[in-house]
Amino acid sequence: MIGRRWWAPWLWLAPAITLLSVFLIYPVVDTLRRSLLNADSTRFVGFDNYKFIIDNPVPLLSNTHSAILNNVLWLVLFTSFAVGVGLGIALLASRVRYEAVAKSAIFIPMAVSFVAASVIWRFMYVFDPHIGTINAFITHFGGHSTAWIQNTNAPQTWLTSLGPTTLPDPIQINNLALIIVGVWVWTGFAVVVLSAGLRAISSEMLQAARVDGANEWQIFRRIIIPVLSPTIAVVATTLVIQALKLFDLVWVMTGGKFKTDVIATLFFREAFLIQDFGVGSALAIVLLLAVVPVMVVSIRRFQFQEETR
Amino acid sequence: MEESARGRIATRLPSPADPAAVLGGGLKRLFIRLPLHIVLIGLAIIWSIPTIALLVSSFRTPQDIASNGWWNAFRLPLNFTTANYENVLQQHGMGRAFINSLIISVPATLLVILIAALAAYAFSWMRFPGRNALFLVMVGMLVVPLQMTLIPVLRLYVRLTPNVDMPILGGNLFGVSSFAGIWLAHTAYGLPLAVYLLRNFFGSLPKDLIESAYLDGASDLGVFFRIVLPLSVPALGALAIFQFLWVWNDLLVALTLLGDPRLYPMTVNITTLVSSFGSNYQVLTAAAFVSMVVPLIIFFALQRYFVQGLLAGAVKG
């Protein structure tokens, strides 16, 4: 601290500042600029790219409307399933001696890439019931084999064969099948974080409630949920961000075909396959606008968690 | 220990004085708790089945994979083979892709730790105008989705790519289809989170220790390398595991910045295999498992750091 020159701190910060300027600050500004220019960034077109996103179906396999709807479906179902199942498993696991082993089994998918997870599940979903595990299971119990990845109808296996064949737009078999893969990967995260939160609930508190005659449901509703709600919020915001930025899983499982596109896959196709940098940049801005509010909440909560642990 | 104690409290009825309850307690308790065990073990098994299906199938012959399900693999006579692995490693580029994944991930991990540690040290132990504001700006960059940066970075790289090859490793020296280009990109994307985590950790180190080192005439570099880094091994370990796995498992950045198939990491290679060998599961299962080996080893060997790292890193999208 003594006799240090004024520029010394800047020397320590220089590599970080340089990299962040080149790879994050400049690109954000440049993407904003390109979103107002035409496909090869040579002519100013105003908000035409944004109008194109809102008004027109993007060519090729899908369109922005269904992509945004798909993101919404992901956001709702992926987040609620992963949190719900994760909370259930965390509660069950906290009551057994083999807690660590059970949690490991659920957590392992977090270690592997979405690419590997996609291969794993393409294999599970194979149409031929002699090979595909899921269809083998369903046909064994008298149902019909389903093309889980291609089928855009409403679920029509023995599970739900009473309902209508088609449901409002994003609710289709293959979207649900992809969401299951997402849930399979991310539930482990929810379990581990929620278990840590559960540990904070003192056994004295639970015991006192039981002595006072509270049943398990009342304990869950009146003690566990209120105490755990900040932790649930941390998990949920993290999962919402994952749902909004989702790319790898959809790209490897379907390539966005069969009406499964999400904003990030549409962005990738527009930007790097069609090479329309205008529309691609506008889609990136849409993604930014969707992510920022959730991210701000998430970082605030994360900071709170770090400070209080 | 604490958890299992709570688990017992959770289910024991509050009547310990009843002798019959004490005698039959063990068996009765097991019976009452049977549904709990069935549901939990059932879920753990369901969660493991997909991975087991992949692993088992990767050791079956192509004929077996195409004709019947993996659950038949244990019928006698057993017929397992390692040919699929030899095949994907040699014919389908997974051997080279494995090396590429290492070449990409290791430097990108070390660089982010070094650069973030330098910055975090300055934020923790040096005084300069605008310190807090700059820290907030850096951490604030966590909100930027990666996709935002890809078009400008690729355009920039296209302009900066020299007509010179990277010695030994291959690819261009810099820019598109270069290892140096993807190292720097991954390092930058990892920095906001890494600076944030390390600043928090460095800030929690004992102040007296560091100040007395200064009084003894130690330089900043001396304090950094001899005191701060050694004391921060747990934080650095968790961060290293998270960053390594993030880069190892990344598809999007590699898909965008590496156009040369000789440089493909495993994620990109598997993606191309999926589109060209979509239903040849003898190729896909073995390839996917090759890509999972390193993360699984890290998971089982360093489980505690691993979980900590992933939890800390979860805010990064």
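A: In chain B, residues 24 or more positions apart account for 67% of the contacts with a separation of 6 or more, a contact being two residues whose C-beta atoms, placed from the backbone, lie within 7 Å. This is a predicted model: local features need pLDDT of at least 70, side-chain atom pairs count only at pLDDT 80 or more, and totals for chains, interfaces and linings use all residues. Residues are numbered from 1 along each chain as its sequence is written, while chains are lettered from A and ligands numbered from 1 in the order in which they are written.

Chain B contains 16 helices and zero strands (DSSP runs: H or I of at least four residues for helices, E of at least two for strands, numbered from the N terminus). Its C-alpha atoms fill a box of roughly 75 × 60 × 35 Å along the principal axes.

As for confidence, chain B averages a pLDDT of 87, and 91% of its residues score at least 70; pLDDT is the predictor's confidence in each residue, from 0 to 100. The model scores ipTM 0.86 and pTM 0.87.

Chain B meets chain A where the axes of α1 (residues 8-34) of chain A and α9 (residues 179-203) of chain B come within 9 Å, crossing at roughly 115°; axes are lines fitted to C-alpha atoms over the stretch in contact, with angles from 0 to 180 degrees between N-to-C directions. Residues making this contact include A:Leu20 and A:Phe23 of α1(A) and B:Ala188 and B:Tyr189 of α9(B).
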